[in-house]
Amino acid sequence: MAKPEDAEFLAEYRRKARPAPAVTVDLVIFTVRDADLKLLLIERKGMPYRGAWALPGGFVRVGDAYSDQGEDVEAAAHRELSEETGLPRGTTYLEQLYTFGRAGRDPRMRVITVAWYALIRPDLAPLVTAGGDAADARWFSLTALPEALAFDHDEILTKAVERIRGKIDYAPIAFDLVPETFTIAELRAVYEAIKGEEYDPGNFRRRFKRMVTDGVVVQAPGKRHTARRPAAVYAFAGRSPAP
């Protein structure tokens, strides 16, 4: 907050206001369904790139630059995530990814975007609906994406995939891509979908047992009926299992 002695400086500074770039938030939203890593894309309704597929997102809301400066960037990311998916805040994992500010990345004006990635549980993915500024919203397999995304969204997507492939080895993000309760095989499928490689079932089971021993995972009530035999179900210790 400005000090009283800053008033004269600020009054002069306002008369010398510099051209300001616009700021947006772009969202790379992932889920895993049918053992496949999928990405949510929206079909743009307006110009530019009308009809092209793009990452969801939008402009950070700003007000009077000297009295009401508008919303925080993180608040904008949460708002856009809710508007673009129809899911309430708190149901999805959201983390800041990277800032993209190359001149010319948006043909309309100088736009700097703060990109975020979000992880949606597979049981919530079918509930996602397109926001009002999109013609359509659809889940795409990363192996069958449109030829080119709008703006520099291919670059943003590449950075997001790199981030989650690296982070899954040291952080529990996989638990945001399984249902509230899951089997060992279902969790292994998430790891395989993100890393793009197969895991030996025996080795993964030993890794899973260490998660149980360390208190990361707890056994949940009930069983999951599979083609072979009923399988035990588990829950992430940081999330209460469904009753």
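Leaving aside neighbours within four places in sequence, with which residues is F208 in contact?

## Basis of the report

The structure is a predicted model, in which local features need pLDDT of at least 70, side-chain atom pairs count only at pLDDT 80 or more, and totals for chains, interfaces and linings use all residues. Residues are numbered from 1 along each chain as its sequence is written, and side-chain values use heavy atoms, with hydrogens and water left out.

## Nonpolar cores

Apart from neighbours within four places in sequence, F208 is in contact (heavy atoms within 4.5 Å) with F182, I184, L187, V217 and Y234.

A nonpolar core is a set of buried Ala, Val, Leu, Ile, Met, Phe, Trp, Tyr and Cys residues joined through side-chain atoms within 4.5 Å. Buried means under 20% relative accessible area, exposed over 50% and partly exposed in between, with a 1.4 Å probe and protein chains only. The largest such core has 41 residues, and the members that touch the most others are V28, F30, Y117, F182, L187, Y191 and F208. Among the elements that give two or more residues to this core are β1 (22-33), β2 (36-44), α4 (184-195) and α5 (201-213); helices (H or I, at least four residues) and strands (E, at least two) are DSSP runs, numbered from the N terminus. The greatest contribution, six residues, comes from α4. A second, separate core of 18 residues includes I29, L94, V114 and W139.

## Strand β2 and its partners

Seven of the nine residues of β2 are buried, so this strand is largely enclosed by the rest of the structure. Two strands pair if DSSP finds at least two bridges between them. β2 pairs with β1 in the antiparallel sense over four bridges, and L39 of β2 is the bridge partner of F30.

With β7 (residues 134-141), β2 pairs in the antiparallel sense over seven bridges; here I42 stands opposite A137. β2 and β3 (residues 53-54) run antiparallel and are joined by two bridges, with W53 in β3 as the bridge partner of E43.

β1 and β2 form a hairpin with two residues between them. In this loop lies D34, a residue other than glycine with a positive phi near 55°. D34 counts as exposed because its relative accessibility is 75%.

The loop between β2 and β3 holds P48 and Y49. The peptide bond from M47 to P48 is cis, with omega near -5°. Y49 is not a glycine, yet has a positive phi of about 60°; at a relative accessible area of 35%, Y49 is partly exposed.
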